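Could you walk me through this protein and DNA model? I would like a short briefing that I can read beside the structure.

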Number of protein chains: 2
Amino acid sequence: MRSYLKLRYQQFIKKNNLKSSKRRDLIFDFVTRTKGHFTADEIYQETLKIDPGIGIATVYRTIRLLVNCGILLEQTFGEKKGYFEVNDINSKHHDHLICTACGKIIEFRCDIIEDDKQRIAELHQFKINSHKLEIYGICSECQLK
Amino acid sequence: MRSYLKLRYQQFIKKNNLKSSKRRDLIFDFVTRTKGHFTADEIYQETLKIDPGIGIATVYRTIRLLVNCGILLEQTFGEKKGYFEVNDINSKHHDHLICTACGKIIEFRCDIIEDDKQRIAELHQFKINSHKLEIYGICSECQLK
DNA sequence: ATTCGTGCAAATGCTTTGCACCCAC
DNA sequence: GTGGGTGCAAAGCATTTGCACGAAT
């Protein structure tokens, strides 16, 4: 279902005279199989279980490659470190609800924001590329604690 | 006009058994006089002109103090470093248009987002504290280049 | 005297990079 | 055998912290 990602990955490799490798493929497989958001270290810890020889530098280099070819999106969620998610063109753009108590991240869609965005862009003569809406609060579970 | 900030600063100092000092006051003065967004290093460079003995650690410690007492808001704008702005209770919440070419940050207000936010919160049983909407694009000037 | 503020330098956390080596074609 | 991939360690960058000293009460 997400096979177009593999294609994009392979074409990017070819176009830039790079090579695929066992470790790159391992990281590609992990991220494209994983839903939601993950950090570089989480990718590292998971791939380490399968290939104990992998290094954190390879993880960071491959993340950069996947961001550059549009397979991964990078976010910060207000923190000073990167969170990554698959840029799935089959699912529409979504935004994030972030629980400041437990760190849980929930995705949601909001069409009205899409329209507003255009209105604001025209007002300031901006040519919009993307947006991020993050709503911070306390999730239902943490409200009970 | 922003004298309530000075009051809040002084009360916070007193309540937490801290002291005001020449250097803290200098940083407080700089940030409350400055419009828009600034980094820790920008505060440091500016205060350095007035007090060449000031250290970067004092700047960071004072920023933390001002964030804790609600005078400064911290943002990341997708980067892995902090940007600060005065939390002016007299002006309503605003969001940001960010030019990815020149880095310019423009503030705007959007009431519809305020309403949508509540709808989304109810849907996910979230108790909302705040939100950040960042729209990325190319500003009118950079479109001409 | 005590308490807090400060500069300096070291430490931190996350990320990138230089380099020598390894592998695949 | 050449070009790219990789681990390792070092460097980078923003930020925080330990410590000894300094200032104010």
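Here is a short tour, from the DNA surface to an aromatic pair.

This is a predicted model, in which local features need pLDDT of at least 70, side-chain atom pairs count only at pLDDT 80 or more, and totals for chains, interfaces and linings use all residues. Residues are numbered from 1 along each chain as its sequence is written, chains are lettered from A and ligands numbered from 1 in the order in which they are written, and side-chain values use heavy atoms, with hydrogens and water left out.

**Around DNA strand D**
- Sugar or phosphate accounts for 71% of the DNA strand D atoms within 4 Å of the protein, and bases for the rest.
- Helix 4 of chain B gives the most to this surface, four residues.

- A backbone N or O atom of Lys19(A) sits 3.0 Å from a phosphate oxygen of DNA strand D.
- Arg23(A) places a polar side-chain atom 2.9 Å from a sugar or linking oxygen of DNA strand D.
- The side chain of Arg61(B) has an N or O atom 3.3 Å from a base oxygen of DNA strand D.

**Aromatic pairs** (ring centres within 6.5 Å; stacked under 30 degrees between planes, edge-to-face over 60, tilted for the rest)
- The whole structure holds six aromatic pairs over all chains.
- One of them, Tyr9(A) with Phe28(A), is stacked, at 4.4 Å centre to centre and 15° between the planes.

Note on methods. A residue is near a molecule or strand if one of its heavy atoms lies within 4 Å of it. A polar contact is a pair of N or O atoms within 3.5 Å; within protein, one must be able to donate a hydrogen and the other to accept it, and residues adjacent in sequence count only if both atoms are side-chain atoms. Helices (H or I, at least four residues) and strands (E, at least two) are DSSP runs, numbered from the N terminus.
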